[in-house]
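Have the sequence and the 3D view handy as you read.

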Amino acid sequence: MPWVIKIGGSLYGSKFLEGWLTTLREHGSTHQLVVVPGGGPFADLVREAGRQFDLDEAHAHHMAVLAMQQFGYLMASLCPGLCLASSREQVQACWYSGKTAIWEPYSMVSQHCRLQKSWDVTSDSLAAWLAGYLSVDQMLFVKSSPLTLSQMSVDQLLKGGCIDPVLPGLLADTKISASFMHKSKADELGELLAAF
């Protein structure tokens with residue numbers, strides 16, 4: 001069963017990031033996984049530029065998507081066994097070769113995604129969009145939030161500021177089942193994958 005796994009930008013610089021990448025690489029030989037990178041500090045720079053230059057939201061959105069792509073390249077550099085993919089066909093090629101894919105989002109988002117171009121649509125919602133585009137029903141969001149992620153509803157996570165405001169509607173309108181896991185729980189990924 002294929003999975004979309006969103007790695008939050010907050011894992012940039014975290015001692016847990018390389019552990020997650022190693023775990024995802026290992027499980028790629030037995031599961032179809034595609035990693036969606038958050039924007040991390042690259043997106044923070046876009047936010048800063050948006051304030052400094054009063055950028056319109058559409059341009060800032062495109063810049064933030066490129067920020068996700070930069071974090072993806074960083075992940076690929078840290079874990080060469082992962083497979084970069086910028087199209088549906090490339091994601092599937094990664095899977096066929098027994099490798100976990102890292103999504104390069106800019107091309108697909110700019111050409112195919114019809115979500116609003118605003119800061120309300122973060123990498124969380126783009127991950128859900130990708131799941132729908134690839135017909136993937138299972139998602140995992142890996143976050144740094146101190147909230148008890150696995151025991152909270154999507155609405156509670158929204159109120160806690162853990163997800164963007166567009167994500168709940170996207171999940172409600174699809175058959176996607178979303179799980180949430182703290183960044184320190186990489187060793188529990190195998191158990192989660194085996195449960196489905």
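Which residue lies over the face of Tyr-133? It's Arg-88, at 4.2 Å from the ring centre. For a charge to count as sitting over a ring, NZ of Lys or CZ of Arg has to be within 6 Å of the ring centre and within 35 degrees of the ring normal.

A quick word on the ground rules. This is a predicted model, where local features need pLDDT of at least 70, side-chain atom pairs count only at pLDDT 80 or more, and totals for chains, interfaces and linings use all residues. Residues are numbered from 1 along each chain as its sequence is written, and side-chain values use heavy atoms, leaving out hydrogens and water.

**Cysteines**

A disulfide is a covalent bond between the sulfur atoms of two cysteines. Here a pair of cysteine sulfur atoms within 2.5 Å is called a disulfide, and that rule gives a count of one. The partners are Cys-83 and Cys-94, with their sulfur atoms 2.1 Å apart. Cys-83 belongs to strand β3 (residues 83–85) and Cys-94 to helix α4 (residues 88–96), so the pair ties together parts that are 11 residues apart in sequence.

Buried means under 20% relative accessible area, exposed means over 50%, and partly exposed is in between (1.4 Å probe, protein chains only).

| Residue | Relative accessibility | Class |
|---|---|---|
| Cys-79 | 2% | buried |
| Cys-83 | 17% | buried |
| Cys-94 | 1% | buried |
| Cys-162 | 11% | buried |

**Aromatic rings**

Rings of Phe, Tyr and Trp (its six-membered ring) pair if their centres lie within 6.5 Å; planes under 30 degrees apart are stacked, over 60 edge-to-face, and the rest tilted. The whole structure has six aromatic pairs. One of them is Trp-3 with Phe-196, an edge-to-face pair at 5.3 Å centre to centre, with 80° between the planes. Trp-3 is in strand β1 (residues 3–7) and Phe-196 is in the segment after α9 (189–194), 193 residues apart. Trp-3 is buried at 1%, while Phe-196 is partly exposed at 43%.

Phe-141 and Phe-180 have ring centres 5.0 Å apart and planes at 15°, so this pair is stacked. Finally, ring pairs join Tyr-12, Phe-42 and Phe-71 into a cluster.

Technical notes:
Helix = DSSP H or I, 4+ residues; strand = E, 2+ residues; numbered from the N terminus.
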